[in-house]
Amino acid sequence: MIVYDIQNLFKTYPRQTQPANKNISLQIYQGEIFGILGDNGAGKSTLVRQMANLVKSDSGKITFFGENIANSRHLLQVNMGYMPQESGALNNLTVSEALYFTSHLRGMSKNDAQKECEFLLNLWEIKDLRHQPSSRLSGGQRRLLRLATAMAGSPPVLILDEPTNDLDPQRRKLVWDILRRINSEQETTIILITHDAIEAEKAIQRVGIMHCGELVAVGRPSELKAKIDRTLRLELFFSPSNPPTLPPGLTCYPLESGHWRLLLQWEQVTQTLNNLNLEQIEDFRLYSATLEDLYLHYATNT
Ligand code: ADP
């Protein structure tokens, strides 16, 4: 069954010359975990905000369980939990009030909403924060509350914009474990934007790659990775004041000061390493390509 059917979506924000979304068509199927990847500014959040009916499209159509979302606010409200990227406070509500009221608004009785609140406090390991106003939580704690709120009332569809941002490795693992669990036990459809490519690869069943407002590839991670299976990732570490000179024709992606990533074909590796001035390099590492490298591949080849 198709949950979301998106046809020819366009969106340009006021006072912007370039569209944030350009002719996007995509179907999301019930029970799948669908990942949206892309560089910053690619248009990922704009796409999911339109799917959540928070941003109006210029043209095109989105249906949710067969209904045009422009006319089905209530259907979305009850069946879709959305977690925005920015993890601001939830008004002046305390943690348990936020969970209780959201569950109740999604159709649970007061009694069931109370039980749901307890369940979510335990599941997300935020029991100790139950009486804290959401405005007094740390960034990571707010992220967990936002996730728990999106899930409150067990909506069959979740849209999560960077669910593991601001979280430490232990909490990231908790998020991925819970998402996999609710997907397999409750068949929750999960649409998520992430930069956490290694973990995402273990959880997502299909991925869409965005670049410059367009959806440039959609498929199973293994299918898409097959296109770059002869690609390797070389990471270089060096003193920021003395960056290495690269052989001509190579594109590097600065990750942070003194740390670059390059995508190489197998046959380029030996020559590239031979041509690097090792005195300018503090360390280097060579990896097989990950899902994250896919969008770099599409960013440079489209
Ligand atoms: P991503 O989520 O992939 O980082 P976004 O969807 O946030 O990308 O942004 C896509 C483009 O739209 C960017 O150029 C961004 O600057 C622009 N944009 C996003 N939100 C707004 C807004 N509220 N007003 C104007 N421009 C925006």
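Predicted model: local features only at pLDDT ≥ 70, side-chain atom pairs only at ≥ 80, totals over all residues.
Please keep strand 8 in view. Strand 8 covers residues 189-193, and because 5 of its 5 residues are buried, the strand is largely enclosed by the rest of the structure.

What lies beside strand 8? One partner is strand 3, residues 33-38, which pairs with strand 8 in the parallel sense over 4 bridges. Within that pairing, Phe 34 has Ile 191 as its bridge partner in strand 8. Another partner is strand 7, residues 157-161, which runs parallel to strand 8 and is joined to it by 5 bridges. Here Val 157 has Thr 189 as its bridge partner in strand 8. Between strand 7 and strand 8, the chain passes through helix 6, residues 169-186, and this β-α-β crossover is right-handed.

I now turn to the charged side chains. How many salt bridges does a search of the whole structure find? The search finds 14. I shall present several of them.

Let us look at helix 7, residues 197-203, where Glu 199 and Lys 202 both lie, 3 residues apart, which is about one turn of the helix. Their side chains meet in a salt bridge, at 2.9 Å from N to O. Are these two residues buried or exposed? Lys 202, with a relative accessible area of 53%, is exposed.

A further salt bridge links the side chains of Arg 220 and Glu 223, at 3.4 Å from N to O. Arg 220 is partly exposed, at 46% relative accessible area, and Glu 223 is also partly exposed, at 39%.

Next, Arg 285 forms a salt bridge with Asp 283, and their closest N and O atoms are 3.6 Å apart. Arg 285 counts as partly exposed at 39% relative accessibility, and Asp 283 is partly exposed with a relative accessible area of 34%.

Finally, which residues are linked in a network of salt bridges? Lys 173, Asp 177 and Arg 180 are linked in this way.

To close, I return to strand 8, whose 5 residues are buried, and which pairs with strand 3 and with strand 7.

Note on methods
Residues numbered from 1 in each chain as written. Heavy atoms only, no water. Salt bridge = Lys/Arg side-chain N within 4 Å of Asp/Glu carboxyl O. Helix = DSSP H or I, 4+ residues; strand = E, 2+ residues; numbered from the N terminus. Buried < 20%, exposed > 50% of the residue type's maximum accessible area, 1.4 Å probe, protein only. Pairing = 2+ DSSP bridges. Right-handed = clockwise from strand over helix to strand, strands pointing away.
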